[in-house]
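Subject: Structure handover

Hello,

Here is the structure for your files. My notes on it follow below.

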Amino acid sequence: CDSGNVYIFDIPKKCLTNYIVNPGHQVDGFNGVKTPDPVIRIKAHWYKMHRLLFAFAKTGACVFSLNKNREIRTVNTGSKEIQAQKGKVVSIEWLGPACKEFVIGFEKGGLEVYGAESSSQRPLRKLNFAEENIKSMRLFFFQRANKPEYNTLVIEYSKDSKYNPMINNLK
């Protein structure tokens, strides 16, 4: 939506609620006028459904609390230096049922893992694969039998309209 708002839909009532989320990320638009940065992905916390993970087209990602009606964690990736090095954010995903970490996928083939409640702008871990100019990416986290040694992140990416699966076991 052009306003940058995210509207909440009530499934049982089949209508929009009065609750509107506005993460408030802004970018420089035409003639220097600030405009909302579009949300490109939203992921709900596995257990705390009031926590949402947002990815933005130009400014990065944030963890948003519906209870507090504010961001509780932000990762800024909108600077020209970061964009030149990593490209834009193309995907996000929570890691594991506890959702203590999340991963951001970048246009130039990199993945970075961040702490969900950390204030640091530095990633906990980085993974780079030899692909660039990624147009879209989907990330899927799998865990088998609550054993960390079986944690797997499936990365599906596309340079055009087809997806290419890549599997990475997280350690």
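Lys 68 sits in the loop between strand S7 (60-65) and strand S8 (70-76). Strands here are DSSP runs of E with at least two residues, numbered from the N terminus. Lys 68 belongs to a positive surface patch, together with Lys 48, Arg 70 and Lys 100. Patch residues have over 30% relative accessible area and no salt bridge; like charges are joined within 9 Å, and nonpolar side chains (Val, Leu, Ile, Met, Phe, Trp, Tyr) within 5 Å. Lys and Arg count as positive, Asp and Glu as negative; His and the chain ends are not counted. Each charge is placed at NZ of Lys, CZ of Arg, CG of Asp or CD of Glu.

A word on provenance. This is a predicted model: local features need pLDDT of at least 70, side-chain atom pairs count only at pLDDT 80 or more, and totals for chains, interfaces and linings use all residues. Residues are numbered from 1 along each chain as its sequence is written, and side-chain values use heavy atoms, with hydrogens and water left out.

Now the sheets. S5-S6-S7-S8 is the order of an open sheet of four strands, paired antiparallel. Its edge strands are S5 (39-44) and S8, each pairing on one side only. Twist averages 20° from one strand to the next, with axes fitted to C-alpha atoms and angles from 0 to 180 degrees between N-to-C directions. Strands count as paired if DSSP finds at least two bridges between them. S5 and S6 (residues 51-56) are joined by five bridges. Lys 43 stands opposite Leu 53 in S6.

Another open sheet has four strands in the order S9-S10-S11-S12, also with antiparallel pairing. S9 (89-95) and S12 are at the edges with a single partner strand each, so one side of each has no neighbour in the sheet. Six bridges join S9 to S10 (residues 101-106). Val 89 faces Phe 106 in S10.

Next, salt bridges (a side-chain nitrogen of Lys or Arg within 4 Å of a carboxyl oxygen of Asp or Glu). The whole structure holds four. One of them pairs Arg 51 with Glu 117 at 2.8 Å, N to O. Arg 51 is in strand S6, Glu 117 in the loop between S11 (110-115) and S12 (125-128), 66 residues apart.

Last, a nonpolar surface patch. Tyr 7, Phe 9, Ile 11, Leu 16 and Ile 20 form it, with about 520 Å² of accessible area together (Shrake-Rupley, 1.4 Å probe; for residues, only the protein chains shown count as cover). S1 (6-10) and S2 (15-21) each supply at least two of its residues. Phe 9 is in S1.

Regards
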